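The following note sets out numbered points on the model shown below. Each point takes up one part of the fold and may be checked against the coordinates.

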Amino acid sequence: MRLKDKVALVTGAGSGFGEGIAELFAREGARIVVVDLNADGGRRVAETINAEAPDRAVFVEADVADGSDSARMVRTATDAFGGLDVLVNNAGISHDNKPVLEIGEDEFDRVFAVNVKAIFHAVRHAVPALAARGGGSIINTASTAALRPRPGLAWYNASKGAVVVASKSLAGELAPQNIRVNALCPVLGDTPLAATFMGGDSPERRAQFVATIPLGRMSSAADVAGAALYLASDEAAFITGVALEIDGGRCA
Ligand SMILES: NC(=O)c1ccc[n+]([C@@H]2O[C@H](COP(=O)([O-])OP(=O)(O)OC[C@H]3O[C@@H](n4cnc5c(N)ncnc54)[C@H](O)[C@@H]3O)[C@@H](O)[C@H]2O)c1
């Protein structure tokens, strides 16, 4: 059990990568605060975890872009489980794949609110809780979009660039409190977001994208969860400020 007695909060845990992370962390002994805006998805994941190990997960319906929701999700970790050791800022969205001049201001604002400002809120609320336990691990889901951006996704790519730089900045600044901060950079993954990135879903579109990934497939929730587990665990005690590519060689 690599996360025995740890408490982890995972945002966007009602689907995709976050679901995989929450379920793997629970199997490795962590207690989980499942956070999602989508109550059906979040509840389903918390129930799946609790069906295997009773009282291991609680669900919080929250919009991570909202400061008071963010405060409430962190409070739930301390109220339900006595503290917080691991924060996974994973919830994310994108505008559709389209030319940059067609991306509206409202789309820009929402992408940056969910992908970037949410981390600002979560850090403000979670750092005191992590420090109170003598340190912890913050994991931010960025993307290969930050490192090897594709056309049609300009402001999504930029938001993930901000996630990588924020992670590296925080790593230096929070190290004295023994809080490690790392970013995950998955390549295109088979989740509901994939169609948004590809500009529609079809066997041809998939083949086109997969052709740019040397290992010849999309990323899976298991790939991302395995990397997150390593960064959350004590095995990564000396790893901070890293943007870990989970990309089958796409950025190599
Ligand atoms: N799928 C990919 O190809 C891919 C590749 C690289 C990075 N990512 C990143 O991985 C993360 C997870 O994406 P995914 O592919 O699993 O997508 P997903 O859509 O399957 O899951 C994202 C979850 O976040 C939730 N969410 C969205 N906005 C929210 C908000 N404001 N507050 C709380 N919850 C919110 C959604 O309800 C959903 O359950 C995102 O940050 C995404 O940008 C995805």
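1. Exposure at D5. A residue counts as exposed when its relative accessible area is over 50% and as buried when that area is under 20%. The model is a predicted one, and D5 has a relative accessibility of 52% in it, so D5 counts as exposed. D5 belongs to the segment before β1.

2. D55 sits in the loop that links α2 (39-52) to β3 (57-61). With a relative accessibility of 65%, D55 counts as exposed, because the cut-off is over 50%.

3. K6 and its surroundings. K6 is also placed in the segment before β1. Leaving aside residues up to four places away in sequence, K6 touches G29, A30, R31, D85 and D234. For K6 and R31, which are 25 residues apart along the chain, the separation between C-alpha atoms is 6.4 Å.

4. The sheet as a whole. Seven strands form an open sheet in the order β3-β2-β1-β4-β5-β6-β7, and the pairing is parallel. The edges are formed by β3 and β7 (243-246), each of which pairs on one side only. When direction is ignored, neighbouring strands of this sheet are turned against each other by 20 degrees on average.

5. Strand β1. For β1 (residues 7-11), five of its five residues are buried.

6. Pairing around β2. Strand β2 (residues 31-36) runs parallel to β1 and is joined to that strand by five bridges. Within this pairing, A8 lies opposite I32 of β2. Five bridges also connect β2 with β3, and these two strands run parallel. Here D36 stands opposite E61 in β3.

7. Helices on the sheet. Helix α3 (residues 67-81) lies across β1, β2 and β3, and its direction makes about 155 degrees with that of β3. Helix α5 (residues 154-174) packs on the sheet as well, where it touches β5 (136-141), β6 (179-186) and β7. The angle between the directions of α5 and β6 is about 160 degrees.

8. The contact of α1 with α8. The axes of helix α1 (residues 16-27) and helix α8 (residues 221-232) come within 8 Å and cross at roughly 50 degrees. α1 is therefore oblique to α8. The crossing of these two helices is right-handed. On the α1 side, the contact involves G16, F17, G20, I21, L24 and F25, which meet A221, V224, A225, G226, A228, L229 and A232 of α8. Sorted by class, the contact of α1 with α8 holds 10 nonpolar, three polar and no charged residues.

9. The contact of α1 with α2. Here the axes come within 10 Å, with a crossing angle of roughly 20 degrees. α1 and α2 are therefore roughly parallel to each other. α1 passes α2 in a right-handed crossing. E19, A22, E23, A26 and R27 of α1 meet R44, V45, T48, I49 and E52 of α2. The residues of this contact divide into four nonpolar, one polar and five charged. The contact with α8, by comparison, has no charged residues.

10. G18 within α1. Which residues does G18 touch, not counting residues up to four places away in sequence? The contacts of G18 are V10, G12, A13 and N90. G18 is located in helix α1 and is buried, with a relative accessible area of 0%. From G18 to V224 the distance is 8.8 Å, C-alpha to C-alpha, although the two are 206 residues apart in sequence. V224 is one of the α8 residues in the contact with α1.

Conventions: Residues are numbered from 1 along each chain as its sequence is written. This is a predicted model: local features need pLDDT of at least 70, side-chain atom pairs count only at pLDDT 80 or more; totals for chains, interfaces and linings use all residues. Side-chain values use heavy atoms; hydrogens and water are left out. Axes are lines fitted to C-alpha atoms, for helices over the stretch in contact, and angles run from 0 to 180 degrees between N-to-C directions. Helices (H or I, at least four residues) and strands (E, at least two) are DSSP runs, numbered from the N terminus. Angles under 35 degrees count as roughly parallel, over 145 as roughly antiparallel, 65 to 115 as roughly perpendicular and the rest as oblique. A crossing is left-handed if the near helix is turned anticlockwise from the far one by less than a right angle, and right-handed if clockwise. Contact means heavy atoms within 4.5 Å. Ala, Val, Leu, Ile, Met, Phe, Trp, Tyr, Cys and Pro count as nonpolar, Asp, Glu, Lys and Arg as charged, and the others, Gly among them, as polar. Buried means under 20% relative accessible area, exposed over 50%, partly exposed in between (1.4 Å probe, protein chains only). Two strands pair if DSSP finds at least two bridges between them.
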